[in-house]
Amino acid sequence: MLTTPYVPGAPNWLDVGTPDLDASTAFYSAVFGWEHRSAGPEAGGYGFFEQDGGTVAGIGPLTEEGARPSWTVYFHTPDADATAEAVARAGGSVRVAPADVLTAGRAAAFTDPAGADFAVWQPGDTQGLDLVAVPGSLARTELYTTDAKAAKAFYGSVFSWQTRDVPMGPELTYTVLAPAGAGPAAAHGGLMQLPQANLDAGSTPEWHPYFEVSDCDATLARATEAGATVLIPVTDAPGIGRFAMFLDPVGALLAVITTAGR
């Protein structure tokens, strides 16, 4: 489970890149009830989504050439420069070199060997998201990849994550991920091999967030009414929760979940 006293390797920030800030802000406000706050004129259009006075996500314009709308997951690091070196040694690529974000912290963006984008946040004045694991905030992160074995090796090298494989059928294994030195209760998500059917349909490796919601069915209904495209309708995952996955109106992928036992 995610918590806000962040430890190395745990998700501590995320933001959505969009070609239409106004449309995306309107969509997420309608679906989650978030409020938008600009980071100021010097931030190039970047801003924050807030709930109950706390930041739950960021939003900004697409800035990289060829970038497509997507959510980017950031993982805590005590040293963004050292992480960049670890990524390169493990076969990944550095898309955006480590750089200071005023006094808030230091960020860098990478692509893993299979092509999934991710980022890191080295806290300065801003430790990370203010709210996680409560309705309307980040609940877990998940990687879809074309090579689960290689992904475990890569991220194990970069973050020293603990992994646990859980069979989910005759041809599918889900790998639960947790920060180094943490117990199973600290798991922050997982990774899984993209099924061939998904690859045939054009799916590519990517990280995506799951947001906790009080009512998965009602949230998906609001998202659909606001222009979302449903990828996975509301589905029960025994022992995990009730979830759904969709694309927002500009094409960024995300999921929502009502965690079991909440």
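The model is a predicted one, so let's take it region by region.

How many of the residues of β3 (residues 47–51) are buried? Five of the five are buried, so the strand is largely enclosed by the rest of the structure.

β3 has strands to pair with. Strand β4 (residues 54–61) is joined to β3 by five bridges, and the two run antiparallel. Together β3 and β4 make a hairpin, with two residues between them. Asp-52, in that turn, has a positive phi of about 50 degrees. Strand β2 (residues 35–38) also runs antiparallel to β3, joined by four bridges. There, Glu-35 stands opposite Glu-50 of β3.

### Aromatic rings

Next up are the rings. Searching the whole structure turns up 28 aromatic pairs. In one of them, the ring centres of Tyr-28 and Trp-34 are 5.8 Å apart and the planes meet at 15 degrees, so the pair is stacked; planes under 30 degrees apart count that way. Tyr-28 counts as buried because its relative accessibility is 0%. Trp-34 is buried too, with a relative accessible area of 2%. Another pair, Phe-110 with Phe-118, is tilted: the centres are 5.5 Å apart and there are 50 degrees between the planes. Phe-110 and Phe-118 are both buried.

Ring pairs also link up into a cluster made of Phe-27, Tyr-28, Phe-32, Trp-34, Phe-49, Trp-71, Phe-211 and Phe-246.

Leaving aside residues up to four places away in sequence, Thr-219 touches Val-31, Phe-32, Val-213 and Val-256. Is Thr-219 buried or exposed? With a relative accessibility of 2%, Thr-219 counts as buried, since the cut-off for buried is under 20%.

### Loop residues

Now for some loops. Leu-102 is in the loop between β6 (93–101) and β7 (105–111). Its phi is near 50 degrees, a positive value in a residue other than glycine. Gly-124 lies in another loop, between β8 (117–123) and β9 (138–145). Although Leu-102 and Gly-124 are 22 residues apart along the chain, their C-alpha atoms are separated by 9.1 Å. Gly-124 touches Thr-103, Ala-104 and Gly-105, again not counting residues up to four places away in sequence.

Ser-160 sits in the loop between α3 and β10. Ser-160 is not a glycine, yet it has a positive phi of about 60 degrees.

| Residue | Relative accessible area | Class |
|---|---|---|
| Leu-102 | 68% | exposed |
| Ser-160 | 43% | partly exposed |
| Gly-124 | 32% | partly exposed |

Finally, the gaps. How many cavities of 30 Å³ or more does a search of the whole structure find? There is one. About 30 Å³ of space lies in the largest cavity. Its lining is made up of Lys-152, Tyr-155, Gly-156, Trp-161, Thr-163, Leu-177 and Leu-191. Helix α3 (residues 148–159) gives the most to that lining, with three residues. Sorted by class, the lining of the largest cavity has four nonpolar, two polar and one charged residues.

The second largest pocket holds about 460 Å³ of space. It is lined by 20 residues, and the closest to its centre are Met-1, Arg-140, Ala-187, Ile-240 and Thr-259. Which strands each supply at least two residues of this lining? They are β9, β10 (162–167), β11 (173–178) and β16 (253–259). As for the kinds of residue, the lining of the second largest pocket divides into 13 nonpolar, three polar and four charged.

Definitions and conventions:
Residues numbered from 1 in each chain as written. Predicted model: local features only at pLDDT ≥ 70, side-chain atom pairs only at ≥ 80, totals over all residues. Heavy atoms only, no water. Buried < 20%, exposed > 50% of the residue type's maximum accessible area, 1.4 Å probe, protein only. Contact = heavy atoms within 4.5 Å. 1 Å grid on protein atoms, 1.4 Å probe; cavity = no way out; pocket = protein on both sides within 12 Å on 5 of 7 lines; lining within 4 Å. Points joined across faces, edges and corners; volume = space filled by probe spheres on them. Nonpolar A, V, L, I, M, F, W, Y, C, P; charged D, E, K, R; others polar. Phe/Tyr/Trp six-rings, centres within 6.5 Å; stacked < 30°, edge-to-face > 60°. Pairing = 2+ DSSP bridges.
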